[in-house]
Amino acid sequence: MMPLLARVSTLLLSLTVFAVLLASLPASARSSAKKAWTPVAAEILMDAHSGKVLRARNADQLTYPASLTKMMTLMLTFEALDRGTLRLNQSLVVSRHAASMPPSRLWLAPGSTITVEQAILALVTRSANDVAVVLGEALGGSETAFAKKMTARARRLGMRHTVFRNASGLPDRLQRTTARDMAILSRALIGRHAKHYAYFKRRSFDWQGDTVYGHNRLMARYPGMDGIKTGYIAASGFNLAASAVRDGRRLIAVVLGGHSADARDSLVADLLDAGFQRPTSPSRPAPAQPDLVITKNSASTAERSTAVSVAVPSLKPAATEAADSSWSIQVGAFASHAAAVRSARDTAKRLGSLAAGASPAVVRSGGLYKARLTGFPAATADAACSALKTAGRGCFPVRGG
């Protein structure tokens with residue numbers, strides 16, 4: 001393991017070099033770069049068995065895959081294992097190029113080794129960039145050659161808009177994808193590599209005496225969720241491809257461009273909830289909404305970002321789904337009851353007259369608290385959700401309370 005002082009020195013040097021390069025650009029170039037790096041919110045919900053799209057918003061908008069790139073690195077690794085050209089216990093040598101990758105990483109030293117199985121676990125949990133390059137070089141000879149193999153494989157899968165330029169998802173202005181393409185890749189990993197897909201369930205693994213924990217916090221909270229990959233770079237925002245199973249039915253949800261990890265997780269939970277609620281009559285793809293422009297990465301949690309104080313009726317957890325003709329809208333799913341309360345209050349304030357006559361409620365499901373407004377006519381519920389989605393907030397209508 002690299003000493004702490006050496007890690008800090010390496011990070012400071014990288015930041016200094018970046019600042020110097022950025023400052024050396026003309027003002028117009030810096031402005032263009034900023035515009036090019038504005039994340040765009042995109043989402044898609046897909047039935048894993050049929051491939052049918054149940055919901056979509058900006059699903060074909062080009063953006064950056066970030067660490068979702070590693071799903072393709074893993075697919076090519078699984079295919080090599082199936083062919084016998086790689087073995088799980090095979091040791092791979094770490095090149096100087098691989099060891100030079102910035103965090104997130106395992107801090108591998110040049111000339112050291114890591115087994116294929118350890119490498120797989122490092123990608124699905126730590127999302128280690130140095131390890132992704134080790135696998136890419138083992139499979140392609142060089143990372144550049146491997147990226148070409150990744151892109152070619154994407155085309156054969158039907159990922160029409162995706163271009164890979166590296167094995168990790170680290171920033172590259174020519175590397176791009178869409179929410180639809182990431183859903184296609186997720187479905188292929190689940191359907192074609194079922195025996196390997198179990199790796200995506202892992203939330204930690206042991207490495208050189210330490211326990212390495214994963215980034216996918218939603219998997220611990222959402223009932224039935226068993227993978228698959230998180231991702232983040234400034235240019236893309238917070239990304240997540242997720243899959244969950246209930247009553248024998250598997251769904252895939254992809255959200256790209258979340259403004260925080262908590263907001264992204266909430267959107268994914270909302271998509272999955274919507275799909276599982278109506279298994280026999282999935283909704284048509286949602287109409288495209290205006291892009292959500294993110295001008296600044298938010299370090300606040302979802303609970304803080306939704307905290308407002310407005311005068312609304314006191315909130316009580318709703319015990320069961322109402323069985324009448326009224327409609328509700330669900331605006332988020334949270335780890336705590338207090339966060340759901342604040343989200344409901346914030347939504348009531350935002351909607352104004354559209355929420356007239358609606359009553360806030362919180363429904364507990366599994367380990368999550370779902371923030372809702374109840375008592376809408378069907379048409380008003382649709383209008384309220386349209387308004388919220390236009391503002392970049394998650395929402396879907398629910399029959400009953």
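Are F78 and F200 buried or exposed? F78 is buried, and F200 is buried too. This is a predicted model. The protein chain has 13 helices and 14 strands. Of its 401 residues, 52% are buried. Take contacts between residues at least 6 apart in sequence: 69% of them join residues at least 24 apart.

**Two packed helices**

- Two packed helices are described by the angle between their axes and the distance between the axes.
- Helix α3 covers residues 69-83, and helix α8 covers residues 179-192.
- Their axes come within 10 Å and cross at roughly 30°.
- Angles under 35 degrees count as roughly parallel, and α3 and α8 are therefore roughly parallel to each other.
- The crossing of α3 and α8 is left-handed.
- On the α3 side, the contact involves M71, M72, M75 and F78.
- On the α8 side, M182, L185, S186, A188 and L189 take part.
- By class, this contact of α3 with α8 has eight nonpolar residues, one polar residue and no charged residues.

**Aromatic rings**

- The whole structure holds four aromatic pairs.
- One of them joins F78 and F200, with ring centres 6.3 Å apart.
- The planes of the F78 and F200 rings stand at 90°, so the pair is edge-to-face.
- F78 lies in helix α3, while F200 lies in the loop between α9 (194-197) and β5 (204-207).
- The pair therefore ties together parts that are 122 residues apart in sequence.
- F78, Y197, Y199 and F200 form one aromatic cluster.

- E143 is in helix α7, which covers residues 143-157.
- Its relative accessible area is 10%, so E143 is buried.
- Which residues does E143 contact, leaving aside neighbours within four places in sequence? They are H97, V133, E137, N166, A167 and S168.
- E143 and H97 are 46 residues apart in sequence. Their C-alpha atoms are 9.1 Å apart in space.

- T113 is in strand β4, residues 113-115.
- T113 has 43% relative accessibility, so this residue counts as partly exposed.
- Not counting residues up to four places away in sequence, T113 touches S91, L92, V93, V94 and W207.
- T113 and S91 are 22 residues apart in sequence, and their C-alpha atoms are 5.8 Å apart in space.

**Backbone exceptions**

- Most residues other than glycine have a negative phi, and most peptide bonds are trans.
- Where does a cis peptide bond have omega of about 5°? This bond joins P103 and S104.
- S104 lies in the loop between α4 (96-99) and β4.
- Another cis peptide bond joins G227 and I228, with omega about 15°.
- I228 sits in strand β7, residues 225-233.
- W107 is not a glycine, yet its phi is positive, at about 60°.
- W107 is in the loop between α4 and β4. With 13% relative accessibility, W107 counts as buried.
- D247 also is not a glycine, and its phi is positive, near 50°.
- D247 lies in the loop between β8 (237-246) and β9 (249-258). Its relative accessible area is 85%, so D247 is exposed.

Note on methods:
Residues are numbered from 1 along each chain as its sequence is written. This is a predicted model: local features need pLDDT of at least 70, side-chain atom pairs count only at pLDDT 80 or more; totals for chains, interfaces and linings use all residues. Side-chain values use heavy atoms; hydrogens and water are left out. Axes are lines fitted to C-alpha atoms, for helices over the stretch in contact, and angles run from 0 to 180 degrees between N-to-C directions. Helices (H or I, at least four residues) and strands (E, at least two) are DSSP runs, numbered from the N terminus. Angles under 35 degrees count as roughly parallel, over 145 as roughly antiparallel, 65 to 115 as roughly perpendicular and the rest as oblique. A crossing is left-handed if the near helix is turned anticlockwise from the far one by less than a right angle, and right-handed if clockwise. Contact means heavy atoms within 4.5 Å. Ala, Val, Leu, Ile, Met, Phe, Trp, Tyr, Cys and Pro count as nonpolar, Asp, Glu, Lys and Arg as charged, and the others, Gly among them, as polar. Rings of Phe, Tyr and Trp (its six-membered ring) pair if their centres lie within 6.5 Å; planes under 30 degrees apart count as stacked, over 60 as edge-to-face and the rest as tilted. Buried means under 20% relative accessible area, exposed over 50%, partly exposed in between (1.4 Å probe, protein chains only).
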